[in-house]
Structures are given as structure tokens and as C-alpha cells.
Amino acid sequence: MYKVFVNNTPIILSTKKSIEGYETILIKEAEFPVIIRDILNKEAVNQEAKYHLYHKTEDKLIEHLYKKLPVVVAGGGKAYNANMDILFIKRNGKWDLPKGKIEKNEHIETAAVREVEEETGVTGLEITKFLYKTFHIFKRGGEFRLKVTYWFEMKTEFDGTLVPQKNEGITKVRWKNKKKSKKALLNSYANIKKLFSHDYLS
């Protein structure tokens, strides 16, 4: 099963023929602009749209998804310092984790480290493991696009000045301990919360 987020509303992709309470559509027949607009219209009046896209084969779910929308591949980091604080950025009024689009012929791990460095001013990052792949839909140039972000856990001994990348709309960069991280996640995105365990959030 996969979740593709439109803001904080997930579109469920699965090999189940139906999910109770969800409108099921064969993924190859799904009209994404129609689905996305319905989700956005319902969100605007505090209603919930529940869509489930189905294919009997899991590999085909992603194959069809990538054909439906232009795909932007990004890399991002959940970075820890020596105190095990987590690095957050604030953009568009919400707390987020640093991430960005990979450049042509760039390796995904290289892109993830570069983007965290550029958006925060932190250096000396080392990837410790791959975490998760998230999907979310955004609009650019009047066109809906699918962002696929590969997230990595990182560590650093950096204790210098944090510098938000203002030309990317980042207004704040902060190291946050567990208590402050949990508070920040109350004003974050559903696909970011997926990078934190249930035990961490509880």
C-alpha cells in the first residue's frame, strides 16, 4: 500500500479490491486532475475526500502512478546533531524537514546531503540509513506534479550558525529536541509525520 498526499489528504494505492469508506477506482482509469480538485474543494470546506486506487499487481500501481503525472524526484534528510536533536526548517508557515530536487545525473544520496546543507547551512553530514519514500502532489506552472522524495537519516557534529535559505522561502532553521519536535509536528505535513515512529509521536 502507498499513500500519495494532496496537502494532508492521502490517496490510497493498494492491491485490495476495496477499502471500506473509500471510493475505489482502477488506477489506469483514474483522472488525477479531477481527483485532486475534488480533494482540494472538500478540504476548503473541512470535508474529507477518500479515494482508493486499485491494481492487482503492486509494481503496476507505481508504474501507472508515474504515467499519470509529471514526476519530480527529490532527496531529503532527517538530520541529528551530537545531542540527538533533529534539524527542522520553517517554510510557508509550517515546520518541515529539508529536501530538494535532484540535479541531472546527480546521485540521490548526494542530492539529499546537498539540499540539507543548502537549506540550513549545516555541514559535515553523513548518511546513516535510508528511511522512507514519500509521495505528494503539488502544483507548478498551472500543472499538477508528483514529488517523490527519498528520505535519509543523517548525523553531523556541526554546532555552528544555522542559515535559512531565504531564496527558497525558508524563514527559520532550528535544532529541536524530542519535546520541541513533537510540538513542531503539530504544525507540519502528514508525509513528514510518517518519518517519525508512533512511539515518538505519542
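Visitor: What makes up the lining of the largest pocket by class?

Guide: In this predicted model, the lining of the largest pocket has 11 nonpolar, nine polar and 11 charged residues. The pocket has a volume of about 830 Å³, and of the 31 residues that line it, the closest to its centre are Lys-99, His-136, Phe-138, Arg-140 and Lys-147.

Visitor: Which elements give two or more residues to that lining?

Guide: They are S1, helix H1 (32–44), S8, H3, S9, S10 and helix H5 (190–193). The largest share, six residues, comes from S9.

Visitor: Why is Trp-151 called buried?

Guide: Buried means under 20% relative accessible area, and Trp-151 has a relative accessibility of 1%, so Trp-151 counts as buried. Its place is in strand S10. Not counting residues up to four places away in sequence, Trp-151 touches a list of residues that includes Gly-76, Gly-77, Leu-97, Phe-130, Tyr-132 and Leu-195, and Lys-99 is also among them.

Visitor: Why does Gln-165 count as buried, although a loop holds it?

Guide: Gln-165 does lie in the loop between strand S10 (143–155) and strand S11 (170–176), but the test is the accessible area, for which the limit is 20%. The relative accessible area of Gln-165 is 16%, and therefore Gln-165 is buried. Leaving aside its neighbours within four places in sequence, Gln-165 is in contact with Glu-118, Glu-119 and Ile-170.

Visitor: What makes S2 and strand S4 a pair, and in which sense do they run?

Guide: The pairing of S2 and strand S4 (residues 51–54) extends over four bridges, against a requirement of at least two, so they count as a pair, and the sense is parallel. In S4, His-52 is the bridge partner of Ile-12.

Visitor: What makes strand S2 mostly covered?

Guide: Six of the six residues in strand S2 (residues 9–14) are buried. Thr-9, Ile-11 and Leu-13 point one way, while Pro-10, Ile-12 and Ser-14 point the other way. In a regular strand the side chains alternate between the two faces of the sheet.

Visitor: How do you know that the span of helix H3 is close to the expected one?

Guide: Helix H3 (residues 108–120) has 13 residues, and from its first C-alpha to its last it reaches 18 Å, close to the 18 Å expected at 1.5 Å a residue. The buried residues of H3, including Ile-108, Val-113 and Val-116, pack against strands S5 (71–80), S6 (86–91), S8 (99–101), S9 (126–140), S10 and S11. Just after H3, Gly-121 takes a positive phi of about 85 degrees.

Notes. Residues numbered from 1 in each chain as written. Predicted model: local features only at pLDDT ≥ 70, side-chain atom pairs only at ≥ 80, totals over all residues. Heavy atoms only, no water. Buried < 20%, exposed > 50% of the residue type's maximum accessible area, 1.4 Å probe, protein only. Contact = heavy atoms within 4.5 Å. Expected span 1.5 Å × (residues − 1). 1 Å grid on protein atoms, 1.4 Å probe; cavity = no way out; pocket = protein on both sides within 12 Å on 5 of 7 lines; lining within 4 Å. Points joined across faces, edges and corners; volume = space filled by probe spheres on them. Nonpolar A, V, L, I, M, F, W, Y, C, P; charged D, E, K, R; others polar.
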